[in-house]
Amino acid sequence: MCGIYGWFGKDRDSARLHAMGKAIKHRGPDGFYTHETESISLGICRLAIVDKTHGQQPFFNKDKSIATLCNGEIYNHLEIRRELQALGHCFHTHSDAEILPYAWQEWGPASLEKLNGMFAIAIWKGNNLILARDRFGQKPLYVHVAGNIVHFASEIRALLAVGIPARLNRAAIPSYLVNRYVSEPLTLFEDITILPAGQFLKLSPGLSAQYKTWWKPSLTPILDIPEKEALPELSALTHDAVAISLHGEEEIATYLSAGVDSAVLLESINAAGFQTTAFTAGFGIESDEIQHAAQLAKANNTPHIPVILDQHDLANLRQVVAQMELPIGDALILAFDKLASVSASHGYRVAIGGDGIDESMMGYSFQRHLATIDSLPTFLLGPAASILRNSPLTLLDKFFPFPGSLGPEGREKIANYLRDFANSSPWQKVSGLRTLFTPAEVTQLCKAPVFQEPEIPEASCIMDRQTLHLYQSWMQDWAIIRQERNNMAHSIEYRMPFLDHRLINFTLSLPDNLKIRRSTNKYLWRKLTNSPASKRPKQPFHLPLEQFRQSKLFQSLLSDCLNPSIIHARDLFHINEVNRLVEAANHGEFLALKKVTSLMILELWMQSYID
């Protein structure tokens, strides 16, 4: 695990290259290594996990016509190594990354399809540079193009370190407000993009940059497979995905919740004969998962360390926003940072978690609700919306998955979604239940520009279109980045074995009745374990702002970030609308608190980078 960086189309400049590496030293504190030619310069800062003694990069093929850098882990490197050895290639280390130049020599771009893991790779061959990113975007790779010169890096701060300007991309603000993140390939930095997941970029002298998709999720063909045959195959794929992700020379921490995903993960780790220590984040409130997670750890003979956050952790929000580089509009990022911080304090340099299976197995509440609403006859949508709008909040809160209250604004939002569903656009149908600000609210809040609905992938039904859309941006720009960036800030490699593409391909191809059955989501997945966690509904991981909002720290953040003078100076939002949101947040309204927090995080980000 490392940070990679460099450029194409510019003369060598060792001091400039060193500045890029120094800016992201936290990603690889164990050494800096470079390869420079007349027009291509490559650098890497290394976090030594696999073959700690000899695994320095870049790696070259035998005649040194190909050089490669890799940020990530290739879990099936032993399998590929044996295949390459049978073709006559010799290896001199045990590093997973040593296979890459030989694999590219033999198979070119097709070699990417052989790789099972998380990676961002730079490949130099002749006068060409190829940049590639893994299927699900587990490892980031940012790009800045200026004429014929292209800079790249694992983090944006490496680009800024060599004078690439940090300018606000105003056109991306509506996307941030609606989604709480900016969808790739755009970022909130003007002229800095991210290489999309499952793509590679080829740079050649005198030619424009060529982007090519080498993998994308597919929901076809749907398997005609009975449950009794699907379950053992799912089990075998899951256990193998976990087993091959446990390689390296470091002990591994497990980030544990009390849900079924964590139960499957921990049991798979034990089945592989591997020892781990579990860390669970909680907030000292009735709804958190620490007690149930501790029971899960005990049942698996695993040491358990609780990580408690309280209102005093709000003091770290500015730092966490800065280390993430791209703002995620949810204060829950504090929990991901503290998990990593505590794990690092116990000496861990690798952590593993159960992320990645919800998207393909319909594990989110918004997926289940969409399935229910889509099944309703059109003539029932209006009456259902009216019933919801007139229902008392005390009743609705019993069905609200979060510990706070849905509030009148939340009730109205869901009622409007129901009322308009039949005539809504595909994007509104698949995203309307998980957006923060609605597009209409963005127009009311922002001075300019307006939100542009993204295109939704084609599929046979709206549920499938939602699933594919989750892999377009939600997965990498919301779910993964919170773990990847906060763990790497503490020099911890974070692994997500449930994003093994073999496992995801199989689960995507399962019929819907093996994913959702009546009120049970992740139906077949839950059958992988007999743990009580398999019966427990998914518990939202939620920072209790409703309990923190009256603290001095929260009020200080409000004052520092959303006072009228700052709003006026930024000239992005209408002051009256911001004031209305702040007043509603101070009254404890659930959605208003989340909206205000997302605005605070955006302001903290601008203070850290744009100012």
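Helices here are DSSP runs of H or I with at least four residues, strands are E runs of at least two, and both are numbered from the N terminus. This is a predicted model, in which local features need pLDDT of at least 70 and side-chain atom pairs count only at pLDDT 80 or more, while totals for chains, interfaces and linings use all residues. Residues are numbered from 1 along each chain as its sequence is written, and side-chain values use heavy atoms, with hydrogens and water left out.

**View A. Threonine 467 sits in helix α19 (residues 462-489).** Threonine 467 has a relative accessible area of 3%, so it is buried (buried is under 20%, exposed is over 50%, partly exposed is in between, all with a 1.4 Å probe and protein chains only). Who keeps threonine 467 in contact, once neighbours within four places in sequence are left aside? The list reads Leu219, Glu359, Gln367 and Leu508, where contact means heavy atoms within 4.5 Å.

**View B. Helix α10 (residues 317-324) packs on helix α26 (residues 590-610).** The angle is about 65° and the axes are 9 Å apart. On the α10 side, the contact uses Leu317, Arg318, Val321 and Ala322; α26 brings in Ile601, Leu604, Trp605, Gln607, Ser608 and Tyr609. Sorted by type, the contact residues come to 7 nonpolar, 2 polar and 1 charged (nonpolar covers Ala, Val, Leu, Ile, Met, Phe, Trp, Tyr, Cys and Pro; charged covers Asp, Glu, Lys and Arg; the others, Gly among them, are polar). For the angle itself, axes are lines fitted to C-alpha atoms, for helices over the stretch in contact, and angles run from 0 to 180 degrees between N-to-C directions.

**View C. An open sheet of 6 strands runs in the order β2-β3-β1-β9-β8-β10.** The pairing is antiparallel, and two strands count as paired if DSSP finds at least two bridges between them. β2 (32-36) and β10 (192-194) stand at the edges with a single partner strand each, so one side of each has no neighbour in the sheet. Direction ignored, neighbouring strands are turned by 15° against each other on average. Zoom in on β8 (residues 142-146) and β9 (residues 149-153), and you find 5 bridges in the antiparallel sense; valine 145 has valine 150 as its bridge partner in β9. Helix α1 (residues 14-23) lies across β1 (2-8), β2, β3 and β9, running at about 145° to β1.

View D. Most peptide bonds are trans.

**View E. Methionine 362 and arginine 518 have positive phi values without being glycine.** Methionine 362 has phi near 55° and sits in the loop between α12 (358-361) and α13 (365-375). Is methionine 362 buried or exposed? At 2% relative accessibility, methionine 362 is buried. Arginine 518, with phi of about 55°, is in the loop between β18 (516-517) and β19 (520-521). Arginine 518 is exposed, at 76% relative accessible area.
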